[in-house]
Amino acid sequence: MLGPGGSGISAAAAAGALGLADAHRPQRRGGPLTAVDAARTLLITVDPRSTLPQRLGVFRVAGEPVAVTGELDLLHLDPLRVLEQAWTDFTAALDAAGVGRKLLPVVGTIAGIDAGELTGLPGAQEFLLLRAVRDAATSGRWQSVVVDLSGAGDPYALLRSPTVLAAAIDRLWPRNVRLAQASEKPALAQVAAAVESIDRDCRDLRELLADPTGAAVHLVVPAGGRGQSTLPDHLALTEVMGLPLRSILVNAGPGALDTDAVAAQARTLLGGDADRAVPVGVVAAHDVEPVKLPQLRRLDVRLSAPDGHARGAAAPVVEHVGGGGLEARYRLRWRQTLPARRNWLSAVPATIYWSPSPGSVSPCRCRRCCGAAR
């Protein structure tokens with residue numbers, strides 16, 4: 001669950017997790033509970049100063065799931081703590097492998113780096129957070145996992161971190177080079193294996209986040225004018241990143257702002273996907289900020305499950321334009337929402353790419369050419 005800061009994402013995530021937990025409440029049928037009957041829901045927050053523990057009435061225990069109800073657990077992830085633990089494990093593996101620091105000075109330099117200094121490595125901290133979320137989701141302990149990304153700074157940077165980190169690793173130590181060096185120098189094999197493991201995790205996370213059968217993105221936007229101004233940008237980002245958007249929630253908030261205009265705008269931008277593949281819902285207005293469990297339940301947020309419907313860049317259409325064999329030409333396209341549609345042409349300095357049908361002449365509509373035929 002993500003969206004503009006201050007949109008009530010944490011409250012919506014908690015309410016949605018409670019709704020899933022209630023749906024998974026064990027049904028007594030006179031016999032022992034089955035695995036489905038005993039299913040639990042996990043709510044994860046990545047904000048080190050999240051107020052979710054207080055709202056849900058539990059203690060703040062970083063890194064350990066805490067039971068909130070009989071069907072709901074809360075996992076509070078502290079980014080720096082996750083980074084420190086991962087780096088401690090990595091350097092311990094180097095020492096346990098017996099890699100000589102005198103033989104390989106670079107290993108001694110790496111092992112001597114403090115965990116806090118790694119926050120400058122592009123995507124490292126965010127990648128480790130996502131890996132911790134993945135490990136919880138694939139542990140088999142919970143049937144549903146709700147992730148509150150409201151405290152992650154830029155949630156899209158967090159979701160892009162596996163791609164960013166993999167690119168940084170490839171620039172610093174290209175895969176073909178490290179594999180060749182590992183085969184020639186056995187002392188480097190352990191280091192190369194550790195880096196290769198991180199690279200595999202990056203690929204795994206990219207596939208997991210883009211998999212519409214197992215992941216679902218829920219965009220929470222505020223009502224009123226701020227929601228109308230921020231919705232196009234956030235919707236465009238989910239599409240260009242190929243995120244499996246599953247619903248848009250317009251939050252009226254304590255101010256009881258008008259949600260109709262934002263909901264109508266969302267349906268217009270979604271086009272044929274509105275209320276079919278991507279339902280547009282409303283979080284009803286409330287008098288005060290929901291800070292207690294009963295108040296969160298009254299928000300009545302229902303989260304749609306993954307449905308296997310890919311969107312944006314993850315759902316391209318390939319068209320054969322012409323030619324054959326090595327001379328064949330293809331066009332790759334997908335439906336993409338454009339933020340600030342009035343000004344996007346004037347903001348693009350490069351050539352405007354277009355593909356007219358064979359034998360036709362299409363007028364260029366950019367302001368530079370003043371409508372001249374291209």
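Author: The account below starts with the chain as a whole and then turns to the strands, their packing and a loop.

The model is a predicted one, in which local features need pLDDT of at least 70 and side-chain atom pairs count only at pLDDT 80 or more, whereas totals for chains, interfaces and linings use all residues. Residues are numbered from 1 along each chain as its sequence is written, and side-chain values use heavy atoms, with hydrogens and water left out.

The protein chain has 12 helices and nine strands; these are DSSP runs numbered from the N terminus, with helices (H or I) of at least four residues and strands (E) of at least two. Buried residues make up 41% of its 374 residues, where buried means under 20% relative accessible area, exposed means over 50%, and partly exposed lies in between (1.4 Å probe, protein chains only). The chain exposes about 19700 Å², of which carbon and sulfur atoms supply 55%; accessible areas come from the Shrake-Rupley method with a 1.4 Å probe, and for residues only the protein chains shown count as cover. Among contacts with a separation of 6 or more, 69% are between residues 24 or more positions apart, a contact being heavy atoms within 4.5 Å.

Consider the open sheet of four strands, which has the order S2-S3-S1-S4 and mixed pairing. Two strands pair if DSSP finds at least two bridges between them. Strand S2 (66-67) and S4 stand at the edges with a single partner strand each, so one side of each is left without a neighbour in the sheet. Helix H1 (residues 9-23) packs on this sheet and touches S1, strand S3 (72-76) and S4, and its direction makes about 170 degrees with that of S4. Such angles run from 0 to 180 degrees between N-to-C directions, with axes fitted as lines to C-alpha atoms, for helices over the stretch in contact. Helix H5 lies across S1, S3 and S4 and runs at about 175 degrees to S1.

Strand S1 (residues 41-45) pairs with S4 in the parallel sense over five bridges. Isoleucine 44 stands opposite valine 147 of S4, and threonine 45 stands opposite aspartate 148 of S4. Although S4 is at an edge, four of its five residues are buried, so the strand is largely enclosed by the rest of the structure. Serine 144 belongs to S4 (residues 144-148) and is buried, with a relative accessible area of 15%. Beyond its neighbours within four places in sequence, serine 144 contacts Leu20, His24, Arg40, Thr41 and Leu42.

Isoleucine 248 of S6 is the bridge partner of leucine 219, and valine 280 in S7 is the bridge partner of isoleucine 248. Leucine 249 stands opposite glycine 281 in S7.

S5, helix H9 (residues 224-240) and S6 form a right-handed β-α-β unit, as do S6, helix H10 (residues 260-270) and S7. A crossover is right-handed if, with the strands pointing away from the viewer, the path from the first strand over the helix to the second runs clockwise.

The loop between H10 and S7 holds aspartate 273, which counts as buried at 13% relative accessibility. Aspartate 273 touches Val278, His309 and Arg311, not counting residues up to four places away in sequence.

In the largest, of 52 residues, Ile44, Leu77, Leu219, Leu231, Leu245, Ile248 and Leu270 touch the most other members. Helix H5 (residues 124-137) gives the most to this core, with seven residues. Leucine 77 has contacts, beyond four places in sequence, that include Ile44, Val82, Leu129, Ala132 and Val133. A second, separate core of 26 residues includes Met1, Leu18, Leu249 and Leu299.

How values were computed:
A nonpolar core is a set of buried Ala, Val, Leu, Ile, Met, Phe, Trp, Tyr and Cys residues joined through side-chain atoms within 4.5 Å.
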